Amino acid sequence: MLVRINQKLAVVLAVLAGVYLFLSFNLPKYQNAIIDADMVPKGLGVLLLFFAVLLYFDKKEETEAEKKKRTMTRGNVLILLAVLAFILIYIFLLEMVGFLIMTALFIFGCSLFLGYRKHVSNAIVSIVFSLVIYGLFNYLLKINLPAGIIPL
Amino acid sequence: MDAFNGLMSGFQVAFSLQGILFVFIGVFVGTFIGMMPGLGPISAIAIMIPITYSMDPTVALVMMAGVYYGAIFGGSSSSILLNAPGVAGTVATAFDGYPMAQQGKAGKALAIAAIASFTGGTVSVILLMLFTPILSAVAVSFGPAEYFALMFLGLTAISSLSDGSTIKAFISATLGFMVVTIGIDSQTGTSRFTFGNPNLLEGIDFLVIALGLFALAEVSTLVLNRKDTTMNDNKDLGSLRISKEDFKEMSGPMTRQSFLGFLIGVLPGAGATIASFIAYITEKKLAKKPEEFGKGSIKGLAAPETANNAATGGAFVPLLSLGIPGSGTTAVLLGAFLVLGVQPGPLLIQDRPEVFWGIIASMYVGNIFLLILNLPLIPYIAKVLRIPRPLLISLVIIFSLIGVYAISFNTFDLYMLVVFGIIGFLMRMFSFPAAPFILAFILGGMMEQAFRQTLTISNGSLAIFLDKPIALTLIVVSLLTILVPLYTGRRKLKVNNEDHTGKTL
C-alpha cells in the first residue's frame, strides 16, 4: 500500500494534521470574539490534510537526484548523530560551565572528530575564536554570555 | 521630504564614518559567508542578526543590506572557481563561469562577474529609489483585506515557483504557518498549542527557525560532504584584465538584464534564482552564437550575474514599500528589521526617512565597495575557500547557537533550534523546499491578523472580499498560482504515461 516514499510521507503528514486539528478543536472558546482563535488553526489543519491527500495520490516518480539525497550510509548517520550529541552536551553544560570553556572545547572536539588533524592550529582557532566572540558580545555589544566558572 | 533631499540625507548616513565602516563590514562578511558552499544569504543574514542587537537601527540595516548582496556576489565567486554555487541564485553563473575558469581565465571571469554585478546592482538601486515611494503612496490606502490578499499571493507564488514538487512546497508553507500559531493569540489572549510550557507562550522566535532550518540544516549537508577536496585546489587565477571587445560583448546583456532582473525581483515569489535563469535563457535566444553558451561565453556569464544582483534590489521594493517580503531571504531580512524595532511598510518613508534613504544610499556605496573589494582582493578571497571543512562546520554551529542564545538567554530556545535543525535536515532529505516555510512563518502572524480583522469588520462574512476589487483580484491570481501548477503537473504526467504505454505497445 505504501509503495512510494511520498505515500509514507503523506501518511505522516496526515497524522500530524489530525493531531493539530484535534488540538485546534479543543482550544478554549472566547465569548466576545466574532472570529475566535481557533478559526485559522482549523483551516490550516484541513489544508495540510488536503495537501497530504494530494501527495498520497501524486503519481510523480522520484527523480534519481531526489533518491540520492535521502540515502545515507550508516557511517554518515552515526556521524550526524554524534555531532547532534555534541551540540546537546554543549547546550546542557553551557550555563553551568560557561561560554569560554564550552565553546573552545566544542570547536576543538567537533573539528577533531570530523577529521581535522592539525592539533596546534585547531587549538589556537578554538581558543582565540571563543575569546574574540566573548569579548565582542560582553564588552562591545553588552550582551552577556554565560561566564560560568571563570569569573571574567 | 522629497526624493532628492531624502537621498542626500541618506548619503549623509552612508558616508558617515560609521556608515562606511558597517557597509564595508556587511559586504565583506556577506561575500565571505556567501562563498562557503552551502551557506547562502539566509544563513548569512541570520548569523549576523545578533551582532546588530545593540546597534543603531539605521546603521544595522545598512549593514544587513550589505550582507545580502555581498552574499549573492560571494556565491558567484564559488560558482566560478569551484562549480559549487553557495546560493541558488548563482547556479546559472556556473554554466559559463566555471568553463572559463577551467580554461585558465578564472580571473577574467571573476572580473566580468564583478562588473556585471555592479551594473545590475546599481541600476536596480536607481529603479528601487524611483518605484518604492510610488508603491508606498498607493499602499497607504490598503486595508487589512488588501494586505491579507497581498501576503496570500506572496505565499502561493513562492510555493508554486519553488523548484521540485509544488505539493511539497505548499505543504512546507502550511507547516510554516502552523508553527507560527504556537503561542498566545494576539487578539483573544488564548494560548495555543503551548502544552502548558511557559517558554512557548511568546511563540517561537523567527531566528530559531531561520538558523535551524537554514544554517544548521546546511551544516548537516556540509558534514555529509566534508571530504570534498575540490576546495583545496589552488588554481592560478590568470589575469583580471577585460578587453574592450569583451566589454562590448557584455554591455548588451548587462543593460537588458538589469531591467528584467529588477522586474522579476519585484514580483512576489520570484527572486534572484529565477531572474538568473531567465536571463541566461533569454540571452542565449538573443545571441548570434548560442552554441558558445555553456563553453565559457562572456554573455552567458554576464547575463545571470547582472540579473541576480538586479533582482536583489527589486526584492527590496515590496519589502520597503509594503512591508511584505516576497522571498525567503527578504523574509529573514524583515525579521532583522523587526528585531531592531523598525516596521517596514508604506509609512516607513514618512516615519523613518533616515532608515529608508540610508539603506538606499548605502546600496550605492555598497555596490562600489563590492567592486573595489572584489577586483583586487579576488585572489585573497579565493583562499577563504580553503578553510578546512571540519573547522568551518564547528564554527557555523557555534555561530547559530550564540545567535539564538543572545536573544533569549534561555537554553530552551537552543533545544528548539536543534529541533528545527533536524526538521530542516529532514525537509532537505525528502525534497521539501524550506523557503516557503520561512516565508509562511514570517507572514503567517500578519496574515492571520489581517484576515481576522477583515472578517471582524464584515461580522464574519467572507463576502467582504468580493467588495474589494484589489483584494479580490489578488486572491483570484493567488488561487490560479495554486491550481494551475497542480493541474498542468497532472496533465503532463498523463501525457507522459500515455507516451510510455504507447512505446511499450
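## Confidence in chain A

Chain A of this predicted model has an average pLDDT of 88, and 97% of its residues score at least 70. Here pLDDT is the predictor's confidence in each residue, from 0 to 100. Among the elements of chain A, helix H5 (residues 99-113) has the highest mean pLDDT (95) and helix H3 (residues 64-70) the lowest (78). Helices (H or I, at least four residues) are DSSP runs, numbered from the N terminus.

Local features need pLDDT of at least 70 and side-chain atom pairs pLDDT 80 or more, while totals for chains, interfaces and linings use all residues. Residues are numbered from 1 along each chain as its sequence is written, and chains are lettered from A in the order in which they are written.

## Domains of chain A

Domain 1 covers 5-70 and domain 2 covers 74-140. These bounds come from an automatic or database domain assignment. The C-alpha centres of the two domains lie 38 Å apart.

## Confidence in chain B and the complex

Chain B averages a pLDDT of 84, with 93% of residues at 70 or above. Among its elements, helix H16 (residues 411-429) has the highest mean pLDDT (94) and helix H18 (residues 469-504) the lowest (68). Over residues 497-505 of chain B the pLDDT is below 50. Where pLDDT is low, predicted coordinates should not be read in detail.

For the complex, the predictor gives an ipTM of 0.93 and a pTM of 0.84.

Key:
Helices (H or I, at least four residues) and strands (E, at least two) are DSSP runs, numbered from the N terminus. Two residues are in contact if their C-beta atoms, placed from the backbone, lie within 7 Å.
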